[in-house]
Amino acid sequence: MEAETGIGKYSFSNNEITKLTVPSNVTKIPSAAFGENETLTQVVFNDGLKVIDDEAFFRCAISEPFRLPDTLTELGFNAFNRNEIKKVNLPNALTRIGKQAFMDNKIEEIDWGTYENITNPAPQLGGKVIPFGLFDNNKLKTLNLPTNV
């Protein structure tokens, strides 16, 4: 089993951080680690990050540029809920996306990647499923769904 390098839950929540760079040795950002930093507008993720847990960046002000790392495999519930994100890329390595992960943003464009490694939260349905409320309350005008949903 590979050791995790990361940050503790709630470590930096409710501060006045404006910019964050996550180094490549950090593999996990746990629940609410940076939540409710309403001045946090820019986050730079480096490859090496595998998990962004539930509400890790809930109610911040993250906008552009925004890019998830290619190494990301898990994105938790409400991970980026209530931000200012306009464009989202879903890395091909993603296996799990939590519900409402990008709810209440300003998303106009989605790059779904291959969407082929996503584990279905309801396997009895067969195929792939887009999680509940994933992009609810955004600014989408044109939508191209992944072909394997």
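The conversation below sets values against definitions.

Mentor: Please note that this is a predicted model, in which local features need pLDDT of at least 70 and side-chain atom pairs count only at pLDDT 80 or more, while totals for chains, interfaces and linings use all residues. Residues are numbered from 1 along each chain as its sequence is written, and side-chain values use heavy atoms, with hydrogens and water left out.

Trainee: What makes a segment a strand here, and how many strands does the chain have?

Mentor: A strand is a DSSP run of E with at least two residues, and a helix is a run of H or I with at least four; both are numbered from the N terminus. By that rule the chain has eight strands and zero helices.

Trainee: How do you know whether the radius of gyration agrees with that of a compact globule?

Mentor: The radius is taken over C-alpha atoms, and the globule rule is 2.2 Å times the number of residues to the power 0.38. For 149 residues a compact globule would have a value near 15 Å; the chain has 15 Å, and therefore the two agree.

Trainee: Why is A32 called buried?

Mentor: Buried means under 20% relative accessible area, exposed means over 50%, and partly exposed lies in between, with a 1.4 Å probe and protein chains only. A32 has 7% relative accessibility, so A32 counts as buried. Its place is the loop between β2 and β3.

Trainee: Why does Q100 count as buried?

Mentor: The relative accessible area of Q100 is 15%, and therefore Q100 is buried. Q100 belongs to the loop between β7 and β8 (109-111). Across the chain, 42% of the 149 residues count as buried.

Trainee: Why are β2 and β7 called edge strands?

Mentor: An open sheet of four strands has the order β2-β4-β5-β7, with parallel pairing. β2 (28-29) and β7 (96-97) each pair on one side only, and they are the edge strands.

Note on methods:
Pairing = 2+ DSSP bridges.
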